[in-house]
Amino acid sequence: MVRRLFEQEVPELSTGVVELKTIAREAGMRSKISVTSTDPNVDAVGSCVGPKGARVQYVCDELNGEKIDIVKYFEDPVRFIEEALSPSEVISVTVDEEAHAAHVIVPAHQLSLAIGKSGQNARLAAKLTGWKIDIKPEE
């Protein structure tokens, strides 16, 4: 549903210039989507946000005020996990390919932001990236 709403509102998605890669959603609460552009001159995140946030606001309104985070997609799991945990700051990400898990270090004052209310930000980031994410404060 989120994909269709964005395709309807963002012409760059319809033409294939911007590609919606992954979606993680907790219905009625918050969604995270990752996007990439096939054209280096087109900002994928900016295209989905739209002028003055109009495009993403339309989708939020259609979903009864659900919050939507739009992040840039990266093939590199470290960069993608860093993006997925936004708006928090990330110090380092160590990935364990075998366990498909990531260990993330964030500044101590950003730990609650990285985890999110009731763990929502961390859960959505894990769903979005497909990696198990363990977040620890900087010591």
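C60 is a buried residue, with a relative accessible area of 12%. The other cysteine to look at here is C48, which also counts as buried, at 0% relative accessibility. Keep in mind as you explore that this is a predicted model.

How many disulfides does the structure have? The count comes to 0. To see why, look at the sulfur atoms: a disulfide needs two cysteine sulfurs within 2.5 Å. The closest cysteine sulfur to that of C60 belongs to C48 and lies 12 Å away, so the two are too far apart for a bond.

## The overall picture

Let's step back and view the whole chain. The protein contains 7 helices and 6 strands. Going along the sequence, these elements follow the pattern α-α-β-β-α-α-β-α-β-β-α-α-β.

Along its principal axes, the C-alpha atoms fill a box of roughly 45 × 30 × 25 Å. Of the 139 residues, 42% are buried. If you take contacts between residues at least 6 apart in sequence, 56% of them join residues at least 24 apart.

## A sheet of three strands

Now find the open sheet of 3 strands, which has the order β1-β2-β3 and mixed pairing. Which strands sit at its edges? They are β1 (18-26) and β3 (67-72), each pairing on one side only. From one strand to the next, the twist averages 20°.

Helix α5 (residues 77-84) touches β1, β2 and β3, and its direction makes about 155° with that of β3. Helix α7 (residues 120-129) also touches β1, β2 and β3, with its direction at about 135° to that of β1.

## An aromatic pair

Finally, look for rings. The structure holds 1 aromatic pair, formed by Y73 and F80 in an edge-to-face arrangement. Their centres are 4.9 Å apart, and the angle between the planes is 65°. Are these two residues buried or exposed? Both Y73 and F80 are buried.

Terms used: Residues numbered from 1 in each chain as written. Predicted model: local features only at pLDDT ≥ 70, side-chain atom pairs only at ≥ 80, totals over all residues. Heavy atoms only, no water. Buried < 20%, exposed > 50% of the residue type's maximum accessible area, 1.4 Å probe, protein only. Phe/Tyr/Trp six-rings, centres within 6.5 Å; stacked < 30°, edge-to-face > 60°. Pairing = 2+ DSSP bridges. Helix = DSSP H or I, 4+ residues; strand = E, 2+ residues; numbered from the N terminus. Axes fitted to C-alpha atoms, helices over the stretch in contact; angles between N-to-C directions. Contact = heavy atoms within 4.5 Å.
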